[in-house]
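Hi everyone, thanks for coming along. Let me put it on the screen.

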Amino acid sequence: MILVTGASGNVGGQVLAQLLRRGITARGMTRHPESAKLPTGAEAVRGDLTDLDSLEACLHGVSAVFLMWPFHSAEPMAGILDVIKRHARHVVLLSSGAVQDGLVPEQHANHVGRSHAEVERLLRESGMPWTVLRPSTFATNALWWADQIRAGDTVAGSYGAVPMAMLHEADIAAVAVCALTEDAHDQACYQLTRPQVLTQAEQVRVIGEALGRPLRWQELTREEARQRLLADHSFPDSFVDVLLDGYAHMLDEPPPAITQTVETVTGAPARTFHQWVLDHADEFSTC
């Protein structure tokens with residue numbers, strides 16, 4: 001039995017689905033199992049990483065855990081690991097590509113890197129078998145533009161020149177499933193990217209090509225973008241400056257290095273961003 005946290009999310013849902021396709025028993029942890037749209041065949045259980053008693057209940061009979069880290073701080077990790085260690089033999093952690101080898105957590109330049117580096121440190125020191133996944137930018141982040149794309153042919157935002165290696169959630173999940181079900185991945189730290197780097201402006205162009213529409217990027221100042229994000233009630237206010245600071249940092253850094261890790265681990269090349277758009281075309285559609 002494998003427990004998947006964040007089971008109703010993009011990556012967690014893919015992990016569940018791919019485990020089930022392999023014939024592996026999987027349990028999806030979610031705060032609202034009665035309404036969660038989990039893959040057919042998954043066992044839905046009520047649990048929350050902020051409620052350690054509920055986590056404990058979800059872990060009975062579990063041998064491995066896919067741990068999606070939903071917090072902006074590493075503080076809850078010690079307690080969560082104490083509970084997991086009483087049941088499971090292996091943790092596969094979905095960390096962040098912002099974590100850099102050779103730096104202690106406090107040496108990381110941005111908040112995301114610092115917090116996830118501390119989470120990784122606690123996992124390594126837990127004494128449990130572990131695997132860490134450090135994905136590049138999630139392709140699903142492009143869904144932030146879906147409302148604008150449904151409304152017209154222009155996407156407005158800041159830092160359009162920021163280069164990203166947008167990664168399909170199915171590829172993250174495929175590596176996670178290998179790590180959860182095979183013996184060769186203990187103490188492995190995998191940097192995951194897709195096969196091409198695109199700026200935000202180029203991503204909009206590719207979305208347009210995949211949808212058959214002439215989309216274009218409109219550059220905003222940082223403050224204009226900040227006010228738009230603060231006005232978006234679906235986007236957490238506390239993460240607005242973290243996001244924009246991260247973009248500014250990425251603009252000053254070299255483009256992300258491309259890895260072949262997805263193909264090395266899974267045997268299949270990472271999907272393109274164009275393929276990701278085709279897989280999510282309905283979410284950009286006005287119909």
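Let's start with arginine 134 and aspartate 101, whose side chains meet in a salt bridge, N to O at 2.9 Å. By salt bridge I mean a side-chain nitrogen of Lys or Arg within 4 Å of a carboxyl oxygen of Asp or Glu. Arginine 134 lies in strand 6 (residues 130–135) and aspartate 101 in the loop between strand 5 (90–94) and helix 4, so the pair ties together parts that are 33 residues apart in sequence. Helices (H or I, at least four residues) and strands (E, at least two) are DSSP runs, numbered from the N terminus.

Before I go on, a word on the source: this is a predicted model, where local features need pLDDT of at least 70, side-chain atom pairs count only at pLDDT 80 or more, and totals for chains, interfaces and linings use all residues. Residues are numbered from 1 along each chain as its sequence is written, and side-chain values use heavy atoms, with hydrogens and water left out.

Back to our pair. Is arginine 134 buried or exposed? Its relative accessible area is 4%, so arginine 134 counts as buried. Aspartate 101, on the other hand, counts as exposed, at 60% relative accessibility. The cut-offs here are under 20% relative accessible area for buried, over 50% for exposed, and partly exposed in between, with a 1.4 Å probe and protein chains only.

What surrounds arginine 134? Leaving aside neighbours within four places in sequence, arginine 134 is in contact with several residues, among them Ser95, Ser96, Gly97, Asp101, Glu120, Cys189 and Tyr190. Contact means heavy atoms within 4.5 Å. The salt bridging goes beyond the one pair, too: Asp101, Glu120, Arg124 and Arg134 are linked in a network of salt bridges.

How many salt bridges are there in the whole structure? The search finds 15. Let me show you two others.

One of them joins aspartate 171 to arginine 271, with the closest N and O atoms 2.4 Å apart. Aspartate 171 sits in helix 6 (residues 169–181) and arginine 271 in the loop between helix 10 (261–266) and helix 11 (273–279), so this pair links distant parts of the chain, 100 residues apart. Aspartate 171 is buried at 2% relative accessibility, while arginine 271 is partly exposed at 33%.

The other is between arginine 213 and aspartate 153, where the closest N and O atoms are 2.8 Å apart. This pair also links distant parts of the chain, 60 residues apart: arginine 213 is in the loop between helix 7 (200–211) and strand 11 (216–219), and aspartate 153 is in the loop between helix 5 (146–151) and strand 7 (154–157). Both partners count as partly exposed, arginine 213 at 24% and aspartate 153 at 37%.

Now to helix packing. Helix 3 (residues 77–85) and helix 4 (residues 111–124) pack at an angle of about 35°, with their axes 10 Å apart. Axes are lines fitted to C-alpha atoms, for helices over the stretch in contact, and angles run from 0 to 180 degrees between N-to-C directions. Met77, Ala78 and Leu81 of helix 3 meet Val119, Leu122 and Leu123 of helix 4. By class, that gives six nonpolar, no polar and no charged residues.

Next, helix 8 (residues 222–231) and helix 9 (residues 240–252): their angle is about 145° and their axes are 10 Å apart. On the helix 8 side the contact includes Arg222, Ala225 and Arg226, and on the helix 9 side it includes Val240, Asp241 and Leu243. Here the residues divide into six nonpolar, no polar and four charged. For both contacts, Ala, Val, Leu, Ile, Met, Phe, Trp, Tyr, Cys and Pro count as nonpolar, Asp, Glu, Lys and Arg as charged, and the others, Gly among them, as polar.

Finally, the cysteines. How many disulfides are there? The count comes to zero, taking a disulfide as a pair of cysteine sulfur atoms within 2.5 Å. For cysteine 189, the nearest cysteine sulfur is that of cysteine 178, 16 Å away. Cysteine 189 is partly exposed at 32%, whereas cysteine 58 is buried at 2%.
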